[in-house]
Amino acid sequence: VYYNKNIEIQRSIASLTKLMTAVIVMENYDLNAIVEISRNAVKREGSNGDLRPSESITVRSLLDMMLIESSNDAAFALAQQKNNFVSLMNKKAEELGLGGTHFTNPDGLDSPNSHSSALDVAKIFSYLINKHSETLEILKTKIMVVYSSDGKIEHRLENTNELLGKTDEIIAGKTGFTDEAGGSLILLTKDDIITVVLGSPDRFGESEKLINWLKSAYIWEK
């Protein structure tokens, strides 16, 4: 850890929750399986990814929607495929030794008993991208188009990470925001450094400051 402040404080993490959702999907689902989107999933509060009721779409495409556009609908639709999905999220948190983390939903909507910490989020992110490299490729993607399984419905995805492509320092990342959690952002730099900002009114600006400080505070050898 090169710098930390309140690194173990428990707080809401908004859509950074979807990092653990992605872990459970990668370890329990067939990415080529077809999912039929429920009306309840489409009605889910927050970013929707433009899914349609009764649309059929692959697990892989829903994963893309969830990680690139932060679609709550996609996260909810994925979780609906297993009755114990959130339990699997919490079991995985225990396996990874994340004592400050507990989940009550798959998308990060505000909930009294849903929380994590900057340290735990960094561990989830590191586990996800190292254990399941396909998700890193998704999190690197600025723009993508995915289709329903019959090819009739097109979904144009644009990454919610405004820093992606702005500088070559940043390889990948994931955003989050709710009224309770504030702004959150996790990033991976080209030097394999992970930065985490939680509860920020300026998540992109503060993350840039952290990365610029890292570059000046340490000597990086190739």
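A: Let's begin with L210, which lies in helix α8. Please keep in mind as we go that this is a predicted model. L210 is partly exposed, with a relative accessible area of 22%. Leaving aside its neighbours within four places in sequence, L210 is in contact with Y3, T195, V196 and V197. Take V197 from that group: along the chain, 13 residues separate V197 from L210, and their C-alpha atoms are 9.3 Å apart in space.

Now stay with the helix and look at another of its residues, K215. Helix α8 covers residues 203-217, and K215 is part of this helix. With 42% relative accessible area, K215 is partly exposed. The partner to look for is E169: these two residues form a salt bridge, and their closest N and O atoms are 3.7 Å apart. Since E169 sits in the loop between β4 and β5 while K215 belongs to α8, the pair ties together parts that are 46 residues apart in sequence.

Is E169 buried or exposed? E169 has a relative accessible area of 11%, and buried means under 20%, so E169 counts as buried. You can see what surrounds E169 from its contacts: apart from neighbours within four places in sequence, E169 touches L188, T189, K190, D191, I211 and K215.

One of those contacts, K190, is also a salt-bridge partner of E169, with 3.5 Å between the closest N and O atoms. This pair ties together parts that are 21 residues apart in sequence, because E169 is in the loop between β4 and β5 and K190 is in the loop between β6 and β7 (194-200). K190 is partly exposed, at 40% relative accessible area, whereas E169 is buried. In general, side chains of opposite charge can pair when their charged atoms come close.

For another such pair, look at R156 and E154. Their side chains meet in a salt bridge of 2.9 Å, N to O. R156 is exposed, with a relative accessible area of 59%, while E154 is partly exposed at 35%. Elsewhere, E27, K92 and E95 are linked in a network of salt bridges. The whole structure holds 10 salt bridges.

Next, follow the chain to the loop between β5 (170-178) and β6 (182-189), where you will find D179. D179 is exposed, with a relative accessible area of 75%. Together with E45, D110 and E180, D179 gathers in a patch of negative charge on the surface.

Note on methods:
Residues are numbered from 1 along each chain as its sequence is written. This is a predicted model: local features need pLDDT of at least 70, side-chain atom pairs count only at pLDDT 80 or more; totals for chains, interfaces and linings use all residues. Side-chain values use heavy atoms; hydrogens and water are left out. Patches are made of residues with over 30% relative accessible area and no salt bridge: like charges are joined within 9 Å, nonpolar side chains (Val, Leu, Ile, Met, Phe, Trp, Tyr) within 5 Å. Accessible areas come from the Shrake-Rupley method with a 1.4 Å probe; for residues, only the protein chains shown count as cover. A salt bridge is a side-chain nitrogen of Lys or Arg within 4 Å of a carboxyl oxygen of Asp or Glu. Lys and Arg count as positive and Asp and Glu as negative; His and the chain ends are not counted. The place of a charge is taken as NZ of Lys, CZ of Arg, CG of Asp or CD of Glu. Helices (H or I, at least four residues) and strands (E, at least two) are DSSP runs, numbered from the N terminus. Buried means under 20% relative accessible area, exposed over 50%, partly exposed in between (1.4 Å probe, protein chains only). Contact means heavy atoms within 4.5 Å.
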